[in-house]
Amino acid sequence: MVQQIRRFYEFGEFSLDTSNRLLLRAGKVVPLKPKVVETLLVLVEHRGEVLEKDSLIKALWPDSFVEESNLTQNIYVLRKALGESTSAPVFIETIPRRGYRFIAEVREGTADGTASAREQDNLQPTSADAPAEIDTLKKRDVFENVNAAPSSPAESVSTASNASTASTTQSALTASTVPSASPVSPASIASPASSSSPRTRFGTGMALAASLMLCALVGAAIYWRLSAATTQPAKASVSVVRSIAVLPFKSLDTDADEAYLGPGMADALVTKLSGTNQVSVAPTSAVLRYGGAGQDPLAAGRELGVDAVLDGKVQRAGEQVRVTVQLVRVRDGEPLWAGKFDEHFSDIFRIQDAISEHVAGALTLRLSGDAQTRSRKHYTENTEAYQAYLKGRYFWNKRTPAGLRKGIDYFRQAIERDPNYALAYAGLADCYIRLGEPGQPSERDKVAEGTNAVAKALELDDTLAEAHATAAFIKFRFDWDFDASEREYRRALELDPNYSEAHQWYAFHLLASNRRAEADAEIKRALDLDPVSLSHNEALSLYLFFTRQYDESIAQCLKTLEMEPKFAPTHYVLAVNYEQKGLYAEAADELQKTVGDSGQGTGMVAALAHVFAASGRTEEARKLLEDLQARTAEGQVPPNDVALVYAGLGERDHALDWYERAAESHSLRPAWLLLDPRLDGLRESPRFATLLRRVGAAR
């Protein structure tokens, strides 16, 4: 027995157990990482006080150097756990540019008593990553120290009990089976040599028969109850499971080279399940942030706004791979299906097929012939090519220049191993176009490479939604062919209505085409599909800026920066909004935070020069302009950056000269030319109207 004094803080329906470092809601533990609970504890202990960000960071990480984003992420997680928003705080108030303050009324209390060691264990939060022992599978025994699937009733669910949904893979996969009644120990049965008489042997035989019959009946009862528990909830859930998120599988390998495998498995399953068109599947970009070892899958599901989550773990040992997975309904934590697979890595495709078919079966989806074909489709049978592709997507999803260049290397490796790998060409195109999109003349070859890659992808497989969306983006952004872009966007969304990136890009195409109502619907759909995407949240703020809703855009920017304080594109959009409202000092401050960021090109410098020019700081604006013009000769600055500064200085002819040069190099962005409020001083010129017609924006 252990003597303990437990101290509590109570606020709203929550209580904070300071002794055990637990947050409870209505008596139930809210799964949070220790550092997040510590953040809450510091705020509560200093309630009513404004805690500066630097002070909080020093208190939470006294012996480490960490970035401000770590603190912001903790606050973000706390707000989600407490069920509040930045705009309407009940517990944690953000003090702009300073820090945070806990504003709720707090009651203090202590509890004295005795708790056994087991009771103390029960105080620890359970999560999807609680360590447990995985049973040794009959087929192989090459894994050690593996974390099992999440502790829940789903652990006992049999993959075999759903065998009818995956008959094609039964013989190829080793999966967990429903526990049967414990077998009779051989030592408990009298051997014939020990029997003293025929009667004894007869009695022993009868006892054995009775025991076996009893075991069979018990086993049948257990099997029936477990089967009922797995199939019935799945049938009952059809009416409510309309959306699903495949969380990045947790990789149990310590080798950094294998970090790609868990997110890669999830990405492959997203592609397979998206083909059903009967359930909305959260895109890979939406779920990547939930790949941490301590992530609670139900909390992730609530944040993503989906009805069910597919959560799994993957471990590789040499050429063997083990996957444990479960499908859980978010509303009540009800397990819908779970399974364990132990296979040779070369059979990874069959594991993915089995999982996707089991999930479809658990959700009782009726797949058409085309949907079944898509869900079973393998874009390559070469496992080396597949590994390279997964690594390419892993680095593509980082969305940084360095990550994109690594992605290109891996996609090229995949193509070398399988020259007919359409998905690898699509990934290659995505990386090249993202690098070439800012419009620097020195990167023009990236656009050509991307155009060639997407054409090859579509030549190999015309059913790739990603490739059609990228083709649409190229035709809109670089070719200025609105009609062809429209066709490609429609085709992409026909193939995959849940591809959020296509919805986002299409929204700006529609806005530039003066189709506001349709554009509104598309930008909203993108965010509905991927509500935590930094890219989509930033895109919404830019969309609001283009439609001159400056206050709403500023609010959206602040919301996005709450998620990631150093996200440079949002600082840019916030700055141009401040400029339109005459808040020039604030605009300059936002831009100066990111000027010099190697990943942002020269657009930040041009925007800062425009702010200086608009606010009367002409000398500073001209100094930046001289630097931009000098670098133009080196191919590092697109002409439209120089044009923007001249527009700010009010030198209309010079601005139009440079915009015409931008049109020649195709670095002009149609949406910006048509919609950017900073160009209003040029719009009355006939030369500007000619420019609009040239890029197809005068429609």
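**Figure 1. Helix α18, end to end.** Helix α18 covers residues 516-529, in a predicted model where local features need pLDDT of at least 70, side-chain atom pairs count only at pLDDT 80 or more, and totals for chains, interfaces and linings use all residues. Residues are numbered from 1 along each chain as its sequence is written, and side-chain values use heavy atoms, with hydrogens and water left out. (The expected span is 1.5 Å times one less than the number of residues; helices are DSSP runs of H or I with at least four residues, strands are runs of E with at least two, and both are numbered from the N terminus.) The buried residues of α18 are Ala519, Glu522, Ile523, Ala526, Leu527 and Leu529. Here buried means under 20% relative accessible area, exposed means over 50%, and partly exposed is in between, using a 1.4 Å probe and protein chains only. What sits over those buried residues includes β11 (280-281), α7 (284-287), α16 (482-495), α17 (500-512) and α19 (534-546).

**Figure 2. α18 against α19.** How do these two helices pack? Their angle is about 155°, and their axes are 9 Å apart. The axes are lines fitted to C-alpha atoms, for helices over the stretch in contact, and the angles run from 0 to 180 degrees between N-to-C directions. That makes α18 and α19 roughly antiparallel to each other; the cut-offs are under 35 degrees for roughly parallel, over 145 for roughly antiparallel, 65 to 115 for roughly perpendicular, and oblique for the rest. The crossing of α18 and α19 is left-handed, meaning that the near helix is turned anticlockwise from the far one by less than a right angle (clockwise would be right-handed). From α18, the contact uses Arg516, Ala519, Asp520, Ile523, Ala526 and Leu527, and from α19 it uses His536, Asn537, Ala539, Leu540 and Tyr543. Contact means heavy atoms within 4.5 Å. Sorted by type, the residues of this α18 and α19 contact come out as 7 nonpolar, 2 polar and 2 charged. (Nonpolar covers Ala, Val, Leu, Ile, Met, Phe, Trp, Tyr, Cys and Pro; charged covers Asp, Glu, Lys and Arg; the others, Gly among them, are polar.)

**Figure 3. A closer look at leucine 527.** Leucine 527 lies in helix α18. Is leucine 527 buried or exposed? Leucine 527 is buried, with a relative accessible area of 17%. Leaving aside residues up to four places away in sequence, leucine 527 touches His536, Asn537 and Leu540. Now look across to alanine 286: leucine 527 and alanine 286 are 241 residues apart in sequence, yet 9.8 Å apart in space, C-alpha to C-alpha.

**Figure 4. Two loops with positive phi.** Asparagine 514 is in the loop between α17 and α18. Although asparagine 514 is not a glycine, its phi is positive, at about 65°. Asparagine 514 is exposed, with a relative accessible area of 64%. The other loop runs between α26 (652-665) and α27 (670-675), and histidine 666 is found there. Histidine 666 also has a positive phi, near 60°, and it too is a residue other than glycine. With a relative accessible area of 24%, histidine 666 is partly exposed.

**Figure 5. Helix α11 under cover.** Helix α11 takes in residues 383-396. How many of its 14 residues are buried? The count is 11, so α11 is mostly covered. Among the buried ones are Tyr386, Tyr389, Arg393, Phe395 and Trp396. The buried residues of α11 pack against α6 (261-274), β12 (308-317), α9 (348-362), α12 (401-417) and α13.

**Figure 6. α13 beside α15.** Helix α13 (residues 422-436) and helix α15 (residues 465-477) pack at about 30°, with axes 10 Å apart. That angle makes α13 roughly parallel to α15. The crossing of α13 past α15 is left-handed. Ala426, Ala429, Asp430 and Ile433 of α13 meet Ala467, Thr470, Phe473 and Ile474 of α15. This contact of α13 with α15 divides into 6 nonpolar, 1 polar and 1 charged.

**Figure 7. Lysine 446 in α14.** Lysine 446 lies in helix α14 (residues 444-460). At 16% relative accessibility, lysine 446 counts as buried. Not counting residues up to four places away in sequence, lysine 446 touches Tyr432, Leu435 and Gly436.
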